Amino acid sequence: MQKLSDLLESFRVYAVCVPCGRMEALDLARAAARLGEGATVADLRARVRCGACRAFTRDVRVVYVGPEDRRADFRYRR
Ligand SMILES: [Zn+2]
């Protein structure tokens with residue numbers, strides 16, 4: 001299982017809320033700080049909550065964006 005600290009450099013994690021159709025980028029650095037050094041994507045998924053309807057969405061999408069200095073130009077399309 002991937003640790004959040006391993007994702008910081010090259011990945012973005014989005015929370016997905018199916019009822020609202022919302023997708024929101026999560027602040028990985030903050031999540032890692034709050035959940036602790038060894039926190040995994042599964043830990044994050046268990047906690048993530050929709051900013052609009054406050055539902056626990058239990059769904060996250062991990063997207064590779066590349067290292068900070070060479071971001072892939074990623075756009076999510078519905
Ligand atoms: Zn929602």
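Visitor: Where is the place of Arg58?

Guide: Arg58 sits in the loop between helix 3 and strand 3; helices (H or I, at least four residues) and strands (E, at least two) are DSSP runs, numbered from the N terminus. This is a predicted model, in which local features need pLDDT of at least 70, side-chain atom pairs count only at pLDDT 80 or more, and totals for chains, interfaces and linings use all residues. Residues are numbered from 1 along each chain as its sequence is written, and side-chain values use heavy atoms, with hydrogens and water left out.

Visitor: What is phi of Arg58 near?

Guide: Most residues other than glycine have a negative phi. Phi of Arg58 is near 50 degrees, a positive value. Arg54, found in the loop between helix 3 and strand 3, also has a positive phi, near 65 degrees.

Visitor: Which protein donors does the zinc ion have?

Guide: Donors are N, O and S atoms within 2.8 Å of the metal (3.2 Å for Na, K and Ca); water is not among the atoms, so sites may look incomplete. Here they are Cys17 (SG), Cys20 (SG), Cys50 (SG) and Cys53 (SG), 2.2 to 2.4 Å from the zinc ion. Cys17 lies in strand 1 (residues 11-17) and Cys50 in the loop between helix 3 (41-47) and strand 3 (60-64), so this pair ties together parts 33 residues apart in sequence.

Visitor: Is Thr57 buried or exposed?

Guide: Buried means under 20% relative accessible area, exposed over 50%, partly exposed in between (1.4 Å probe, protein chains only). Thr57 counts as buried because its relative accessibility is 17%.
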